[in-house]
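Dear colleague,

Please find below the structure that I am handing over to you. My notes on its architecture follow directly after it.

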Amino acid sequence: MTDYLQFFGAARYVTGSKHLLEYEGKRILFDCGMVQGPRQISVKANSKLPFEAKGIDAVVLSHAHVDHSGSLPRLVKCGFAGKIHCTDATKGLLEVLLPDSAHIQAQDAKYLRKKGQQFEPPYDDEDVRKTLKRCRGSSYHETTEVLPGVTVQFFDAGHILGSAMVLLTLGEGSARKRVLFSGDLGRKDLPILRDPDPMPECDYLITESTYGDRLHPPRADLQDSLHRLIEEANRDGGRVLIPAFSVGRTQNVLYFLGNLISEGKIPEMPIYIDSPLSTKATKVMAAHSEVFDEETKAMLASGHNPFFFDGVRYVADVAESMSLNSLRSGVIISASGMCEAGRILHHIKQSVGRPEDCILMVGYQAHGTLGRRLLDGFESVKIFGKRYRVHCRVRGMGGLSAHADYQEMLRMLRPLAKTCRKAFVVHGEEDPALIFAGRLEEAGFRSVEVPVLKQKFSI
Ligand SMILES: [Zn+2]
């Protein structure tokens, strides 16, 4: 029987990760992510699955980011009755991220109805509950049977909490085939998480290529950069707003602030985490110390908790969030990371006109977002439909990207060239994906494909 790989998402694109493996007539799905992007595209793409949900026998999930996991409840709603395999920490994050995704769908539906458009959310809370019951968590490196004759092993990808490279082993002896899916590849030396594991040998590789054509700037000492920016704000007597993604970035910034305070480099100051999702995500992270790097483990053993230390306060409700309007010094970390929604908008509205305040961007700001306009130095910006002049300072701090650049990816992938019969490049815009495919060939990979949507290959 011929086995196949077919690519149903993140093919010459970065979101909607879904890759289908057919082995001896059984169908296993790598990831089941949502398409993110302009509403006209994403609503349509996420309301329909490109395959029969009932025909899928199992899912193996690389990590909890919604562009990899967000369509799982849709899959379950449409009749998927198998198991979803992931790491224990990913399971913990799904319990937070999937209900949040259902909530966003419901809000979108309400908004579109008001505009006279019909939009049926792809799933609701009940579908999320049923989905979470199907999840099976494993430790890294543990071998788990997915279906008869098929096992899965997860290797640390160092990208976000719980993130994994997924190795499926099909059959045994001379008929054995090993298919490795990179998921999203992380970087060495990021705080809290361990560095990526060496990649295991494989016969077929599916690799991401987000930064397939780019290098990150040389890494300045992130803690030093933050130190300087906080000192500057303290000197001016203002407050610092940090828009940050709930998973990863929020905890990284908190980790650095905690270090600076405990090393006596900055004074103890109020630090508010003002986002319900960031609060929940931080609690999940704190509960999974088994995946921390040695430095963070040592820190915990010495009595310093990087997420809960003196001065840190997790804002509970809207009333408390509103009371922060009167806060004139200290730090507020809030979502969303690109200042497009969430409580951060209310705080920016308060600070934008005050020269003593600082908005510190710690993540990528896409074109067209408020975050990007602020960072680009626009003289005025619109917030909730009203125009405000920008008098506060806006600073950017790079270097916290959770994605490996092409050199870092090649360093990890190069040892696989010897055994790999075919590599598939996914999860990158078309140009970076094609460029990265060329680099893999130069690195000695015999056969490299950049699949287009729905393209099918025998393996
Ligand atoms: Zn990711």
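Throughout these notes, helices (H or I, at least four residues) and strands (E, at least two) are DSSP runs, numbered from the N terminus. The model is a predicted one: local features need pLDDT of at least 70, side-chain atom pairs count only at pLDDT 80 or more, and totals for chains, interfaces and linings use all residues. Residue numbers start from 1 along each chain as its sequence is written.

Two local backbone features

The peptide bond from A335 to S336 is cis, its omega being near 10 degrees. S336 belongs to the loop between β15 and α11. E24 is in the loop between β2 (19-23) and β3 (26-30). For context, most residues other than glycine have a negative phi, and most peptide bonds are trans.

Domains

The domain assignment of the protein chain (bounds come from an automatic or database assignment) gives domain 1 as 4-215 + 402-458 and domain 2 as 222-396. Their C-alpha centres are 30 Å apart. Contact between the domains (two residues are in contact if their C-beta atoms, placed from the backbone, lie within 7 Å) involves 13 residues of domain 1 and 18 residues of domain 2. On the side of domain 1 that touches domain 2, nine residues are nonpolar, two polar and two charged. Here Ala, Val, Leu, Ile, Met, Phe, Trp, Tyr, Cys and Pro count as nonpolar, Asp, Glu, Lys and Arg as charged, and the others, Gly among them, as polar.

The seven-stranded sheet

An open sheet of seven strands has the order β7-β8-β9-β10-β11-β20-β21, with mixed pairing; two strands pair if DSSP finds at least two bridges between them. The edges are taken by β7 (144-147) and β21 (448-449), each of which has a single partner strand, so one side of each is left without a neighbour in the sheet.

Within this sheet, β9 (residues 164-170) and β10 (residues 177-181) are antiparallel and share five bridges. L170 has K177 of β10 as its bridge partner. The two strands make a hairpin with six residues between them, and G171 in the turn has a positive phi of about 70 degrees. β10 and β11 run parallel and are joined by three bridges, with L180 opposite L205 in β11.

β11 (residues 204-207) also pairs in the parallel sense with β20 (residues 422-425), over four bridges. I206 stands opposite F424 in β20. Helix α14 (residues 430-442) packs on the sheet and touches β20 and β21; its direction makes about 155 degrees with that of β20. Axes are lines fitted to C-alpha atoms, for helices over the stretch in contact, and angles run from 0 to 180 degrees between N-to-C directions.

The six-stranded sheet

A further open sheet has six strands in the order β14-β13-β15-β12-β16-β19, with parallel pairing. Its edge strands, β14 (312-314) and β19 (393-396), each pair on one side only. Neighbouring strands are turned by 20 degrees against each other on average, direction ignored.

The pair β12 (residues 239-243) and β16 (residues 358-361) is parallel, over two bridges, and V240 has C358 of β16 as its bridge partner. Helix α11 (residues 344-351) packs on the sheet, touching β12, β15 and β16, and its direction makes about 145 degrees with that of β12. Helix α7 (residues 249-262) lies across β12, β13 (271-273), β14 and β15 (330-334), and runs at about 160 degrees to β15.

Helix packing

How do α6 and α7 pack? Helix α6 (residues 222-236) meets α7 at an angle of about 70 degrees, with the axes 10 Å apart. The two helices are therefore roughly perpendicular to each other (65 to 115 degrees; under 35 counts as roughly parallel, over 145 as roughly antiparallel and the rest as oblique). The contact is made by L222, Q223, L226, H227 and I230 of α6 with F256, N259 and L260 of α7. By class, five of these residues are nonpolar, three polar and none charged.

The axes of α4 (residues 88-114) and α8 (residues 276-286) come within 8 Å and cross at roughly 165 degrees. That makes α4 roughly antiparallel to α8. In their contact, G92, L93, V96 and D100 of α4 meet L277, K280, A281 and V284 of α8. This contact has five nonpolar, one polar and two charged residues.

Yours sincerely
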